[in-house]
Amino acid sequence: MKKQFVGAATTIILVVLAGYAALFVAPTERTMGTIQRIFYLHVSSAWTGLTAFFICFVGNLLYVFRRQPRWDWLGVAAAEVGLAFTTVVLITGPIWAHPVWGIWWTWDARLTSTFVLWLLYASYLVLRTLVEEPERRGLLSALFGIFCFLDAPLVFGSIRWWRTQHPQPVFMGGAGSGLDPTMWKVTFFFWFSCLALMALLMSQRYQLEAMRGELETIRREAETQ
Amino acid sequence: MGLASNTAVLLGKELRTEFRSRELLVTTVVFILMIVVLFSFTFDPSYNESHRFGPGLLWMAFLFAASLMLQPCFLREQTNDTLSALRLTVDDPFAIFLAKLIANMIFLLLTELLMLPVFSILYNVAVLRQLHWLVLVFSLGSLGVSIAGTALAAVSAQARMRELLLPLLLLPLLTPVLVASTEVTVGLLESPATVQWKGIGFLIVFDVVFLTALWLFGEYLLEE
Amino acid sequence: MTLQTAGASGLRFDKIDKRYGGIYALRQVSLEIELGECVALAGRNGSGKTTLLRVAAKLVRPSAGAFHFTGVAKQRPSTGYVGHASMVYDELTAEENLILFARLQNVDKPESRVESLLNATGLLDRRDSLVRTFSRGMRQRMALSRALLAEPTVLFLDEPATGLDTVGVNWLANTLRSLRHAGCTILMSLHGESEISSLATRAIRLESGCVAADTRAGAPMNSIFALSNG
């Protein structure tokens, strides 16, 4: 209990510090102004979401080969948290784009691919609601989760190659653009605090799923007696 | 003996069953036709518009049709529990998937090729000169659709709301196929026509990745 | 009917558990069945008979424990399984169905094997009819033919007499009798005492997924079947 409290408190402190850094420590961007600060949240959420989906993938593989319920719990916790961070990416994108370029959606390759990724993992969660028996649910969603993760690079690749022909706003200015060193430091710090938040949320969700699983087991046993 | 011969025997069964009733083929052809015609009402099919939007629409229609027609391939096996009979008699469960996905690819390809003249006429797009290339991209794209679709049909057959679930699972997964196939098709229908080798290579990669995944994990999809 | 007795074997269930959520279909089931035994499985509906047979047929993966074939032959013996469903295709003819499964199992001279089985089960005159047109009894005979195609040395039968008329039951009893004489190991679930149950050399009763009684352990045969209807 105490360990959890310490973990949660640390995470909150980190997040607050990161927010402060993004708003006050990082230098103001030359062309876009203050709104550019949302970039730290946008990029960190994207990287954290991908990290969560990777953890989901590992959980899925372990469930298929080991069949222990905890890997299923890890999978769903990681998928939900990943989806939450991905939602943040999809919301901060338009918020950034509108004041800068006057349009809400820019069909930027990364943003579009992120949208597809969002759809994939949303489907993963929908699938879970449609299978009642726990072992079957774990297996089927693990297998679909594996397919989703294998698909992700293909989605990003295809959209990057063929959906970025027309000139359009690019969020990070491409590979060659230099970010101020302070900006890089803030970016990584923000990402680190997002990872801490991700770990906190995932552990909470994992425990919730574990309790739910045990409750369901008890309920089913009681029903047959 | 083994995987190849079992697949051949099962493929024969799939084809014979479908060609005897033709219900799936006919329904799919009519469905795609309906989408293609209806969509033509939403814009003015001038030369530029047709060449720009036509291929994308065509592939969207194929994807929608596939997500509906792939549903029965495992549902049919549930009626008399024939899936258990197959699992008992076939050494490698991958043969079951291979046979179904090849059969599904053939059905999809057939409907696509039947649609091509209709599309060509309705949208004023010349297709004959590039027919062999079009057949290639249709084959590679349909193979990708079929591999992913057959695997997910096995998943949705075990869940509720399967008619809605299969499209929900399949369509986002097939985004790369949609993008790449459309690009290659657009290139082929331009004048002068261009062959987008990158796109064709990409489709091959997609097919290989998912076929391998199905080979590795297929037996778990059939488990009880 | 010839039998490849070199491939015959016994069965061993080692602490088999099968869980569906919190429900145990099978709970710590351990059984040893000798080569050539004909074992009848009795029990109420939901006692685990079907699940046990499906675990043995390798259709169901146990949550815990293992199932093995024991005996002389090192490789997997040829098995046959008859379940609740007919496990044949409605859209194919009787002959097409059996040829399909014969080919998948690499049966020698499939056409003549199928013909002799159709003849034995009295379905020869309906060989070119779609199975969709068959009655319940005919489908059961199809299911049995399918199970016997590869001349199995181990048979798993789930209520095999369901849907059969007197003639059918007689044929089944004779077939099982000759298979038993040839050394086939048979595990069959039955609903009650009948001509078929009298062929059994041993009977086991399952209750709520556990072995409740076994004639090998001294329980009388008629007690196994008592109260097994439900």
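Author: What follows is a set of questions and answers on a predicted model.

Reader: What makes A:R67 and B:E223 a salt bridge?

Author: The cut-off is 4 Å between a side-chain nitrogen of Lys or Arg and a carboxyl oxygen of Asp or Glu. In the pair A:R67 and B:E223, the closest N and O atoms are 2.7 Å apart. That is within the limit, so the label holds. The rule finds 2 salt bridges across the interface of chain B and chain A.

Reader: Which helices of chain B supply at least two residues each to the side that touches chain A?

Author: They are α7 (131-156), α8 (162-173), α9 (175-189) and α10 (197-221). The largest share, 11 residues, comes from α10(B). By class, that side of chain B has 22 nonpolar, 4 polar and 5 charged residues.

Reader: How much area do chain B and chain A bury between them?

Author: About 3000 Å², with 74% of it on carbon and sulfur atoms. In chain B, the residues that lose the most area to chain A are B:R160, B:F217 and B:Y220. Together they make up 20% of what that side buries.

Reader: Why is the reach of α7(B) called close to the expected one?

Author: The helix has 26 residues, and 1.5 Å a residue gives an expected 38 Å. From first C-alpha to last, α7(B) reaches 35 Å. As for cover, 20 of its 26 residues are buried, hence "mostly covered".

Reader: On to chain C. Why is C:E95 called buried?

Author: Buried means under 20% relative accessible area. C:E95 has 18%, so C:E95 counts as buried. C:E95 also forms a salt bridge with C:R127, at 2.9 Å between the closest N and O atoms. C:E95 lies in helix α2 and C:R127 in the loop between α3 and α4 of chain C, so the pair ties together parts 32 residues apart in sequence.

Reader: Are C:R205 and C:E207 buried or partly exposed?

Author: C:R205 is at 13%, under the 20% limit, so C:R205 is buried. C:E207 is at 39%, between 20% and 50%, so C:E207 is partly exposed. Their side chains meet in a salt bridge at 2.6 Å, N to O.

Reader: How do you know that C:R216 and C:E34 form a salt bridge?

Author: Their closest N and O atoms are 3.7 Å apart. The limit is 4 Å, so the pair qualifies. The pair links distant parts of the chain, 182 residues apart. C:R216, at 43% relative accessibility, counts as partly exposed, and so does C:E34 at 40%.

Methods
Residues are numbered from 1 along each chain as its sequence is written. Chains are lettered from A and ligands numbered from 1 in the order in which they are written. This is a predicted model: local features need pLDDT of at least 70, side-chain atom pairs count only at pLDDT 80 or more; totals for chains, interfaces and linings use all residues. Side-chain values use heavy atoms; hydrogens and water are left out. Buried area is the accessible area (1.4 Å probe) that two parts lose on being put together, summed over both. Helices (H or I, at least four residues) and strands (E, at least two) are DSSP runs, numbered from the N terminus. Ala, Val, Leu, Ile, Met, Phe, Trp, Tyr, Cys and Pro count as nonpolar, Asp, Glu, Lys and Arg as charged, and the others, Gly among them, as polar. The expected span of a helix is 1.5 Å times one less than its number of residues. Buried means under 20% relative accessible area, exposed over 50%, partly exposed in between (1.4 Å probe, protein chains only).
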